[in-house]
Amino acid sequence: MDLPIIAILGAGSMGGAILSGLLSPSVQLAGPVRVTNRSASKASAISSSSVESLATELNPDANIQAVTSADIVILAVKPAMIPELLTEIASHLSPGTLVVSVAAGVTTSRMEQLLPETVSVFRAMPNTPAHIGKGVTGLSAGSRTSKTQLEQVQTLFETVGKVVVIPEEKIDALSTISGSGPAYVYYFIEQFTKAAIDLGFNESTALLLVSETFLGASELLAMSGQSPTELRRQVTSPKGTTEKAIEQFEAANLKAVFDKATAAALARAKELAAQV
Ligand SMILES: NC(=O)c1ccc[n+]([C@@H]2O[C@H](COP(=O)([O-])OP(=O)(O)OC[C@H]3O[C@@H](n4cnc5c(N)ncnc54)[C@H](OP(=O)(O)O)[C@@H]3O)[C@@H](O)[C@H]2O)c1
């Protein structure tokens, strides 16, 4: 993969995950990735020959310096900070720069209002498995982007996993599935592990049994080409033990729990968006 000059403003959890994808050996970069944070300690920890790392604490113009003549600027600060950051960098972006925000709830039209017309805007919603190149990113284009620019941003996020291009009105819904999804999975693993402990396994064995079951089942799903329904059928002999367990999940109406959980997350996304 060939990518132009990239700046990441805010290299915390998500910005750091994207940075690790960009530094993988299969990616050819036109120059060092420019990265900013507030704290000097964080900045020095990620500095290397491939990363030009700046701290606003030491250099108040760090963000401006990072975006000057950059081709793609990724914004990975907290949502509430995006308007102020865009105002700070707006007049320093070259015409044709692509600005990509991973911030939840900040719309492309809000970003376009704060940036020159010559700058193209995208929203991306990655998830934390991006840290190991196994993320899923939802990607939406603003109103002044070309197909080539979209492909370039797609290529960038493919360095940390799969990319799904969607209309922006679906991005909050996607966030309730794959953005928040890793937290749901860890919650299931926690509860399932407690059940294993109650059946007499020690904590480490219980966690091993549960986490390897999640991992193995997910990899089998990905590699077999079979549907989850078919793979479940293969474990569920008629009148057997698994069938009895599945009957309990059915009785608890797990689908209704998913509906309620994703609806609650979606409502919160709308509340947060209204505050930016
Ligand atoms: N975490 C996720 O699962 C996830 C998923 C999808 C999208 N997102 C989005 O990603 C964004 C970042 O979330 P996060 O979880 O990565 O947060 P985080 O770990 O707190 O990272 C934010 C980073 O921004 C830096 N920063 C703050 N103000 C700055 C400024 N003015 N200039 C330069 N850097 C600045 C902070 O540096 P200091 O620590 O030095 O202050 C910190 O490293 C959010 O908008 C969130 O909605 C997160």
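## Around the ligand

Helix 1 contributes the most to the shell around the ligand, with 3 residues. Helices (H or I, at least four residues) and strands (E, at least two) are DSSP runs, numbered from the N terminus. This is a predicted model: local features need pLDDT of at least 70, side-chain atom pairs count only at pLDDT 80 or more, and totals for chains, interfaces and linings use all residues. Residues are numbered from 1 along each chain as its sequence is written.

There are 28 residues around the ligand, and G10, G12, R38, S39 and A103 come nearest. A residue is near a molecule or strand if its C-beta atom, placed from the backbone, lies within 6 Å of it. Sorted by class, the shell holds 13 nonpolar, 12 polar and 3 charged residues. Here Ala, Val, Leu, Ile, Met, Phe, Trp, Tyr, Cys and Pro count as nonpolar, Asp, Glu, Lys and Arg as charged, and the others, Gly among them, as polar.

## The protein as a whole

The protein has 12 helices and 10 strands. Its C-alpha atoms fill a box of roughly 70 × 35 × 35 Å along the principal axes. Of the 276 residues, 30% count as buried. A residue is buried if 20 or more other C-beta atoms lie within 10 Å of its own, exposed if 12 or fewer, and partly exposed in between, with C-beta atoms placed from the backbone.

Among contacts between residues at least 6 apart in sequence, 63% join residues at least 24 apart. Two residues are in contact if their C-beta atoms, placed from the backbone, lie within 7 Å.

## The sheet

Strands of a sheet pair through backbone hydrogen bonds, either parallel or antiparallel. In this protein, 8 strands form an open sheet with mixed pairing, in the order 5-4-2-6-7-8-9-10. Strand 5 (51-55) and strand 10 (161-165) are the edge strands, each pairing on one side only. Two strands pair if DSSP finds at least two bridges between them. On average, neighbouring strands of the sheet are turned by 20 degrees against each other, direction ignored. Axes are lines fitted to C-alpha atoms, for helices over the stretch in contact, and angles run from 0 to 180 degrees between N-to-C directions.

Strand 6 (residues 72-75) and strand 7 (residues 98-101) run parallel and are joined by 4 bridges. In this pair, I72 stands opposite L98 in strand 7. Helix 6 (residues 147-157) packs on the sheet and touches strand 6, strand 7, strand 8 (120-125), strand 9 (135-141) and strand 10. The direction of helix 6 makes about 165 degrees with that of strand 9.

## Strands 4 and 5

Strand 4 and strand 5 also run parallel, with 5 bridges between them. N37 stands opposite A55 in strand 5. Together with helix 2 (residues 40-46), these two strands make a right-handed β-α-β unit. A crossover is right-handed if, with the strands pointing away from the viewer, the path from the first strand over the helix to the second runs clockwise.

S24 lies in the loop between helix 1 and strand 3 (28-29). S24 counts as exposed because it has 11 C-beta neighbours inside 10 Å. Leaving out residues up to four places away in sequence, S24 touches G133 and T159. The C-alpha atoms of S24 and V160 are 9.3 Å apart, although 136 residues separate them along the chain.

A269 sits in helix 12 (residues 254-275). With 19 other C-beta atoms within 10 Å, A269 is partly exposed. Beyond its neighbours within four places in sequence, A269 is in contact with A104, G105, D172 and S175. Its C-alpha atom lies 9.9 Å from that of V106, a residue 163 places away along the chain.

## Positive phi angles

Most residues other than glycine have a negative phi. S69, which is not a glycine, has a positive phi of about 65 degrees. It lies in the loop between helix 3 (62-67) and strand 6. S69 is exposed because 12 other C-beta atoms lie within 10 Å.

K239 also has a positive phi, near 65 degrees, and is found in the loop between helix 10 (228-235) and helix 11 (241-251). K239 is exposed, with 7 other C-beta atoms within 10 Å. Helix 11 is hardly covered, with 0 buried residues among its 11. Just after helix 11, N253 takes a positive phi of about 50 degrees.
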